[in-house]
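Please walk through this protein model with attention to its backbone and its surface. Keep the sequence at hand.

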Amino acid sequence: MAEEAILGYLESKDEISDSGQFATERGLDHNEVVNVIKSLHGFRYVVAQDIKREMWMLTDEGNAYTVTGSPEVQLFLAIPPEGIPKEELQKKLDPSVFKIGSAQAAKRKWVEMGKQLVTRKIQHVEDEVKNLLLQIQDGQVINQDEIKALKARKLIVPQTWKGYSVKKGPNYAPKRKKVATDLTRENLQRGDWKELEFKEYNFSAKGLPIESGHLHPLLKVRHQLKGIFRQMGFEEMPTNNYVESSFWNFDALFQPQQHPARDSHDTFFLQVPSTTKQLPEDYVERVKQIHESGGYQSRGYGYDWKREEADKNLLRTHTTAVSSRMLYALAQKPFVPKKYYSIDRVFRNEAVDRTHLAEFHQIEGLVCDRGLALGDLLGVLKEFFSRLGMSKLRFKPAYNPYTEPSMEIFSYHEGLGKWVEIGNSGMFRPEMLLPMGLPEDVRVIAWGLSLERPTMILYGIDNIRDLFGHKVDLGLIKKNSICRLGL
């Protein structure tokens, strides 16, 4: 109907100057008219030019006042000629109407707001606010002072009206000719393809978006980190077992059995199977000895070490459990220096908030060689983090059961303008390494950090639940940018 009206009008007239006025005069929906104009313009039946006008629209509050009247008039009409107690007047009106009406009526000097009695100062008022709102609703123009007053009371808001002026185009016809979009088998059989007019092929049109898999930001950052480790000569450790025994996760690392981290409040223990049955017995005995009575110039912890605690299965709390397995395996052969790394998931029984989850990813690197010292650790850390684009580093002494010395790693964050903790590091203790069977002059330097923290910084995410877990927006996964660390 709108298309017929537009093409029919242009058959005898040169131009539709205003699509809004055209739609109103013919009782048509303007949105429908706009859609038809866009379609006709695309097929060059018409030439359309944009029209924009600034208009004022009533807010919900403004629309309500066109029906009930302004608050000041509602309040004025609620006051009888003899006056009314303030408490009684409040009961008669909505709280917001009383609050706004009292202020506006007093400002206009319509009423006297006494401490006990509210009285009229005049006997008749006109609802100017309602009248102005009705004029705007009807599309009438009012002066700027009145606009300013209504805007200040948040009764109107500006809105840009968009329409078109329309003229005949190069392909104009009183009626749109239906064009064919496909050449069918029937067209060829009937021979009518010779008379058909085909729709022009739009080589600039975008096709349907291709549905495909997308890499998660964590995977992109992990890929970059793996590349950095490989460039530095590290080889990846197998981290495919989420379930570990307490022995490899804690005991082999010289972490005492009464340590708080081994409590069920911090660690997820398995119910089935609850214990492991595969541990190297001679090594277990040496670990027991170092815990109970020490050795290798260490006094140990001096407690009764329990095998049943070491046998408990759990979800690994750190990938250092894998490091302990790899170092033990290395000790069973003639010693060869090694550089290992891992990036995989770990689990801790923590309260979930914007910076913590019960599962996250840990990055870990270690170097095992003869005669390593703290200076080697500092050098490796500076080289590793410089490749991540973090050249300003600081180190702070810390404590870990299985490293001595231990250091927290801080980097200066230019965006935040402060030093941010980015990881932990240290040298594995002799009490951990020597029971494995490694030579006495072999040292291991190691460091670790989470994968989530650098990823959140790189992608501007401030809540870890928006990055990992069931609340992740799939749009983030589909549209996140390429990751280039250190650039």
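The paragraphs below go from a helix to a charged patch, and then to some backbone details. The model is a predicted one.

Start with helix 15, residues 320–331. This helix has twelve residues. From first C-alpha to last, helix 15 reaches 16 Å, close to the 16 Å expected at 1.5 Å a residue. Ten of its twelve residues are buried, so helix 15 is largely enclosed by the rest of the structure. Among the buried residues are Val 322, Met 326, Leu 327, Tyr 328 and Leu 330. Thr 320, Ser 323 and Ser 324 are buried too.

Now turn to the surface. Asp 263, Asp 266, Glu 350 and Asp 353 gather there in a patch of negative charge. Asp 353 sits in the loop between strand 10 (338–347) and strand 11 (359–370). Its relative accessibility is 31%, so Asp 353 counts as partly exposed.

Next come the cis peptide bonds. One joins Val 272 and Pro 273, with omega about -10°. Pro 273 belongs to the loop between helix 12 (246–249) and helix 13 (281–292). Another joins Glu 404 and Pro 405, with omega about 0°. Pro 405 is found in strand 13, residues 403–413.

Arg 44 has a phi of about 65°. Arg 44 lies in the loop between helix 3 (30–42) and strand 2 (46–58). With a relative accessible area of 45%, Arg 44 is partly exposed. Gln 297 has a phi near 70°. Gln 297 is in the loop between helix 13 and helix 14 (307–310). Its relative accessible area is 89%, so Gln 297 is exposed.

Key:
Residues numbered from 1 in each chain as written. Predicted model: local features only at pLDDT ≥ 70, side-chain atom pairs only at ≥ 80, totals over all residues. Heavy atoms only, no water. Helix = DSSP H or I, 4+ residues; strand = E, 2+ residues; numbered from the N terminus. Expected span 1.5 Å × (residues − 1). Buried < 20%, exposed > 50% of the residue type's maximum accessible area, 1.4 Å probe, protein only. Patch = residues over 30% accessible without salt bridge, like charges linked within 9 Å, V, L, I, M, F, W, Y side chains within 5 Å. Areas by Shrake-Rupley, 256 points an atom, 1.4 Å probe, with all protein chains shown as cover. Salt bridge = Lys/Arg side-chain N within 4 Å of Asp/Glu carboxyl O. Lys, Arg positive; Asp, Glu negative; His and termini not counted. Charge placed at Lys NZ, Arg CZ, Asp CG, Glu CD.
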